[in-house]
Amino acid sequence: MIPRIIPLLLLFCLVFPSLLHAKTKQEEIPPQPTVEDDLNNAVAAQSSGDLDTALRLYTKVLESGQLPTRNPAVYFSYNNRGLIYMNKGMLDAAMLDFNKALEYNPKFATAYFNRGRVWAEKGEIKQAMADYTRAIELEPHYAKAYFNRGILWRMRLQFDKAVADFTKALENDPENAMAWYAKGVALMNLSRLPEAVKDFTKAIELNPNLSEAYLHRGEAYNKMGDTSKAHMDFNKARDLK
């Protein structure tokens, strides 16, 4: 009997080898990613520009129910997902996420700033102004909030207030070429031409390819009667476009 059993066992091993290795394969199954893994991967994907992956992972994190409501990761995830929706032009979805971020942290200056950007995109200038102002109240050195509010003041033709906000932006971010340029434009509208030229020149020093700064400096020179410098700047602006 024994000689007949051995061939049967061998046949069993040949026909059903997976059954003998089932335990080994189970042990080789990689662990499922934790909510922390998903969050870190979402941030990495967003930073690398893979917005679809980031969007999926932020949504997974927020719907997991595994984060305590007071965990900063909750409102950061809503804020970051809102930025992705903004990038995709989904302004209503972005607004909802920034609102949720602020529900979890009413003192989250970044969410006020980002919600202000959504309001501005929608043409709701009053609401955008209010959110930028709240962001500045919470973070008095928030250069981007001063800059964006300055743009809105300029749109409202309140150039003195625009200059004040651009000045505050530059106090906190002096290497911002666009802020120097924007302040120069506001100064031009106030007929403060020498100051405007100085600001346009600083913008050009920081970004030699900023054609708008050459164009507006040329206009300032032209109004000041310096047609030679004006033509040089106009030509440079044209070459850069």
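Predicted model: local features only at pLDDT ≥ 70, side-chain atom pairs only at ≥ 80, totals over all residues.
Let's begin with α10. Helix α10 covers residues 143-155. How far apart are its end C-alpha atoms? They are 19 Å apart. At 1.5 Å a residue, 13 residues should span 18 Å, so the two values agree.

Now look at what α10 hides. Its buried residues are Ala143, Ala145, Tyr146, Phe147, Asn148, Arg149, Gly150, Leu152 and Trp153. Which helices do they pack against? The buried residues of α10 pack against α8, α9, α11 and α12.

Take α11 from that list. Two packed helices are described by the angle between their axes and the distance between the axes. For α10 and α11, the angle is about 165° and the axes are 8 Å apart. Angles over 145 degrees count as roughly antiparallel, so α10 is roughly antiparallel to α11. Their crossing is left-handed. On the α10 side, the contact residues include Tyr146, Phe147, Gly150 and Trp153. On the α11 side, they include Phe159, Ala162, Phe166 and Ala169. The residues of this contact divide into 9 nonpolar, 2 polar and 5 charged.

Between these two helices sits a loop, and Leu157 is in that loop. Is Leu157 buried or exposed? Leu157 counts as exposed, because its relative accessibility is 61%.

On to the second pair. Helix α12 runs over residues 177-189, and helix α13 over residues 193-206. Their axes come within 8 Å and cross at roughly 160°. That angle makes α12 roughly antiparallel to α13. The crossing here is left-handed. Who makes the contact? From α12, the residues include Trp180, Tyr181, Gly184 and Met188. From α13, they include Leu193, Ala196, Phe200 and Ala203. What is the make-up of this contact, in nonpolar, polar and charged residues? The residues divide into 11 nonpolar, 1 polar and 4 charged.

This pair has its own loop, and Ser191 lies in it, between α12 and α13. Phi of Ser191 is near 60°, again a positive value in a residue other than glycine. At 59% relative accessibility, Ser191 counts as exposed.

To recap. α10 is roughly antiparallel to α11, and α12 is roughly antiparallel to α13. The α10–α11 loop holds Leu157. The α12–α13 loop holds Ser191. Thanks, everyone.

How values were computed
Residues numbered from 1 in each chain as written. Heavy atoms only, no water. Axes fitted to C-alpha atoms, helices over the stretch in contact; angles between N-to-C directions. Helix = DSSP H or I, 4+ residues; strand = E, 2+ residues; numbered from the N terminus. Parallel < 35°, antiparallel > 145°, perpendicular 65-115°, else oblique. Left-handed = near helix turned anticlockwise from the far one by under 90°. Contact = heavy atoms within 4.5 Å. Nonpolar A, V, L, I, M, F, W, Y, C, P; charged D, E, K, R; others polar. Expected span 1.5 Å × (residues − 1). Buried < 20%, exposed > 50% of the residue type's maximum accessible area, 1.4 Å probe, protein only.
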